[in-house]
There are 2 protein chains.
Amino acid sequence: MRNGVNQLKTTLPDGRVVLFNQHEHIAYTQDYSSATPENPGAIVFPNDITDITQTLSVANQNFTPVTIRGAGTGKSGGSIPNPEGIVLAMERWNSILEIDEENHMAVVEPGVLTKTLQDAVKEKGLFYPPDPSSLEICTLGGNVAENAGGPSAFKYGVTGDYVLGLEGVWGNGQAFSLGGKRLKDVAGYDLKSLLVGSEGTLAVITKITLKLIPYPHYIKDLLLTFNTVQEASRCLRQIINSKVQPVAAEIMDRTCIDAVREYSKDSDSIPDSGAYLLLQCDGFTLESVDTQMKVMKVCAKEYNAQHIMAPQTGKETDSIWALRRNISESLKALSTHKESHDIAVPPNMIPNYFDYIDSLNTRDSIKILAYGHLGDGNLHVNVLNLGLNAEEWFDEKLDLEYELLKKAVEMGGSITGEHGIGKSKKNYMDLMFSATDKLHFKLIKNLFDPNNILNPGKWI
Amino acid sequence: MRNGVNQLKTTLPDGRVVLFNQHEHIAYTQDYSSATPENPGAIVFPNDITDITQTLSVANQNFTPVTIRGAGTGKSGGSIPNPEGIVLAMERWNSILEIDEENHMAVVEPGVLTKTLQDAVKEKGLFYPPDPSSLEICTLGGNVAENAGGPSAFKYGVTGDYVLGLEGVWGNGQAFSLGGKRLKDVAGYDLKSLLVGSEGTLAVITKITLKLIPYPHYIKDLLLTFNTVQEASRCLRQIINSKVQPVAAEIMDRTCIDAVREYSKDSDSIPDSGAYLLLQCDGFTLESVDTQMKVMKVCAKEYNAQHIMAPQTGKETDSIWALRRNISESLKALSTHKESHDIAVPPNMIPNYFDYIDSLNTRDSIKILAYGHLGDGNLHVNVLNLGLNAEEWFDEKLDLEYELLKKAVEMGGSITGEHGIGKSKKNYMDLMFSATDKLHFKLIKNLFDPNNILNPGKWI
């Protein structure tokens, strides 16, 4: 392993390979998950494709682990390096290569921040919908690697729905170019989709062609409060049955709301409530948006909403969305430890899943809560430590983790809706996949990365 | 090979295996492409999963080719059997197992006709958008195998965008269940997407879970005529630049229009013109649809449209769409031979591609024309024989085929936008794929179907 790092030092041009230094490079040892940080042997900052193919070539010769890294905002430990391995840092590949207004497409390097692209295309009247909460600090390459979602996925789909083309280098060192500036293409097996969500285990992505859509002309938001999350969930089902398709339908339970009220020291403008349902709709005309808003308000009344708040100014809208964005920070302030999962279930099972969470909440020392993408059935389930010592907490959280994930799968869901398996969920693959499935995954991995140099020790 | 058929006869229950009989089973020898028909040794009509796994098991033991067949409406020869091989006829698997109104999903067997599902879900206010022209006679299993598109793909995407779950049996005999009733799921490699568009070369699909959306409340159509297809194409680019997203944007060139006028003996209601642009838009309110229509009409005038026709009744709408639907039949009536390709190019390259077609149209004996999905950049390019003898025609069409496909790829496009490679395009894979790409395809094929029993002799 060490050999690989040393050989790279002499192979690549000066400055591309930096030996790991705990003091300077602490950020490269971890991501936004609670997985244990690890120290790599070196960090490679490639300048061009040759740097990447040479890195992979040396790694293949020496069986040196290579962990590709965007901004390290992943929530499943996917970009935590192997001890003494290489971090392939793509953060400098941050150019928007083209915004093709005629075709409604963008061509970007993987290190471009999601928000940077959204802002750039919005100026041209175009829209790149995928909006993970970390959009201001996460990279499009990471979004592709994880097939990231976000609130707008309810109407507009996830990252993979916008990927038209990918260029890069497979783990075996072969360069590839899959898809491109074409909206339809059914030639050959769809290796592009195989790569989306592959969590850095198959290839290094160097260029991404993304589909854009016209920026929605009118957008409105609506905040509803309910006594219970179950009521809020049923209200949304009714909205959907009325054939309204909200852009986003985000839910927050009482614990989240209390935490945000306390964290923001604002219990006046944030009403006390059992559940918040934050809705957004858009359309080509103001009238069509207002009609959708009207339907949603009717459903809200029918399902006993306590408050119906439609922000009138940009500032009011921002403050409503700030509630949602501040949850994670507010919860951290509330507890000594916090573990976050992102289960997905069939959307109509959400009330039952909330019931299940209620049934587990029997102690003061530990608290389970959920918020997130109600429309897609994708919840961020958090477990908070409110009084256990570290050892008790560790045992408890493992037990609860297993139960929470198992229940999602039993309901027909997934152990991860948008964060990926990475390191954090690798022990739970058996909940979803048969021995044959896992064998097929391994054989595919082996095909593109025969020496298992790309992100070893993660889920595959 | 023969051994496989004989062994199946004794293995499967009575009535499941029918020996091929030229008289009764002629339909099973071909599809809707111009590829040469072949006589299989037997046709298997499976009743349940066991019949399928046994068929694959016997085929694996005897290296007997198995060609899975839906309704045989494919346009690339994908369901043409191997001589003496087995046709696995899925046409009786035609139950809609569930329309899940709460989750906006449907669970179907692969033999359900596309239109049957569309009609069934429309009754519940739901919409299954993918609409290949053959939707009244093609199956959803075939649509998944080919990743079929259609006019509505411009706004709503292709079949693969609606596939949430697939169940079936890999060529190696292992059963699988991929995805399910969940809108978000990033666990493991995306084998479901690998299977979509795999043209019956990897697995037998036995159950499909599809995403539905609310049925659009209001739909309107607009027929524009222009002097040239180039003008029509530029008009559509302007509509899109005005941030209107039509559901469909279909184009027909002069030859198509002349053929339909002649075929339908209706030169009164079908105006003489160089190009038709057939647009559809939809929305949540009538007002939003009318606003889109207004924008489209402004663009039409700006780009010198000759006629602007907005049908006012259902009958008028049907007759406008009949123009588009009757093209293929009308062209057949016009020529002794007809060869159809479905190239895709970056949408803004369409005018250039039409220029290229013009440049090839230098003789009276052979005519090249194009119609289809202008919005996606996906054209059905047809070559008509208007006077060559069979031998001359064969040579000419091969030359033209190569040139037409090569040009699409040179423009950044694909040799097939929605019909698949099958038998018809297998010799043109080199235009798009490197030796490494093709090796990767073969290794993937080998992983799931190691004895190469599923649809051998096609593109892979």
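Analyst: Two strands pair if DSSP finds at least two bridges between them, strands being DSSP runs of E with at least two residues and helices runs of H or I with at least four, each numbered from the N terminus. This is a predicted model, in which local features need pLDDT of at least 70, side-chain atom pairs count only at pLDDT 80 or more, and totals for chains, interfaces and linings use all residues. Residues are numbered from 1 along each chain as its sequence is written, chains are lettered from A, and side-chain values use heavy atoms, without hydrogens or water.

User: How do you know that strand 8 of chain B pairs with strand 10 of chain B?

Analyst: Seven bridges join these antiparallel strands, against a requirement of at least two, so they pair. Within this pairing, L166(B) has I208(B) as its bridge partner. Strand 8 of chain B is also joined to strand 9 of chain B, by five bridges and again antiparallel, with G165(B) opposite G179(B).

User: Why is strand 8 of chain B called largely enclosed?

Analyst: Seven of its eight residues are buried (under 20% relative accessible area; exposed is over 50%, partly exposed in between, with a 1.4 Å probe and protein chains only), so the rest of the structure largely encloses this strand.
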